[in-house]
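This report looks at a ligand and the space around it. Begin with the sequence and the model shown here.

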Amino acid sequence: MLLNGCVKVTATTAEGNLALLAIRIGGEVIGELASLDQQPRSATITTAGRLAARVIQQSDFHAFLAAHPDAALAISRSVGGKLRWSTRRRIDFSGCETRVRIARVLVELSTTYGQQTPEGLTLGVALTQPELAALVGAAEPTVHKIFAELRRLQVITTGYRRTVIRDQRALQLIAGLGSP
Ligand SMILES: Nc1ncnc2c1ncn2[C@@H]1O[C@@H]2COP(=O)(O)O[C@H]2[C@H]1O
């Protein structure tokens, strides 16, 4: 159970590239799949910065779900949401250029966690650029350069641990998620 912080969920593709499957934040459960189906881990979880989490032993997890059907339903919903998201985005993330990957991460985070403010849509997670670089799997200087370009194009504004999307449509186009 993630209490605070942010992790990336990755897996290695057949070509040996690292694919970013998802980003999870505080309040979400990770590592539940292997516990539920008794299979090997389906992905690798890597922290992006400091993290607080609670480890729940498999026996406790199962006992809790058996005693609390509402919790079992919530876990089912969460697993379903992950499957739905993966199905929707069947994109070879790792094959895209860094600019596209950054735009996709920004779209993904802001869609899932963002809040609308007078300045624009916030990212909803407090990430530094090095953390974002880790999430995207890109070198920090490259991420700095692309952020500078996105700022110049007035697509985003940034502050310390704060990114605001000023032009969602433009960001979606850069991410290759919308038609021109
Ligand atoms: N496509 C995905 N989207 C979100 N989370 C995932 C995805 N695939 C795997 N995970 C998480 O990553 C964890 C890796 O360990 P588990 O397989 O135990 O449980 C997995 C899920 O919690």
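## Terms and basis

Helices (H or I, at least four residues) and strands (E, at least two) are DSSP runs, numbered from the N terminus. This is a predicted model, in which local features need pLDDT of at least 70, side-chain atom pairs count only at pLDDT 80 or more, and totals for chains, interfaces and linings use all residues. Residues are numbered from 1 along each chain as its sequence is written, and side-chain values use heavy atoms, with hydrogens and water left out.

## The shell around the ligand

A residue is near a molecule if one of its heavy atoms lies within 4 Å of it. There are 14 residues around the ligand, and G31, E32, R41, S42 and S86 come nearest. The helix α1 supplies the largest share of this shell, 3 residues. By type, the shell holds 7 nonpolar, 3 polar and 4 charged residues. Here Ala, Val, Leu, Ile, Met, Phe, Trp, Tyr, Cys and Pro count as nonpolar, Asp, Glu, Lys and Arg as charged, and the others, Gly among them, as polar.

## Polar contacts and cover

A polar contact is a pair of N or O atoms within 3.5 Å. A side-chain N or O atom of S42 is 2.7 Å from an oxygen atom of the ligand. For the side chain of K82, the distance from an N or O atom to a ligand oxygen is 3.4 Å. L33 places a backbone N or O atom 3.4 Å from an oxygen atom of the ligand. On its own, the ligand has 460 Å² of accessible area, and the protein covers 95% of that. Accessible areas come from the Shrake-Rupley method with a 1.4 Å probe.

## Elements of the shell

Which elements give two or more residues to the shell around the ligand? They are β3 (18-25), α1 (32-37) and α3 (69-89).

Methods
Polar contact = N/O pair within 3.5 Å; in protein donor to acceptor, adjacent residues only side chain to side chain.
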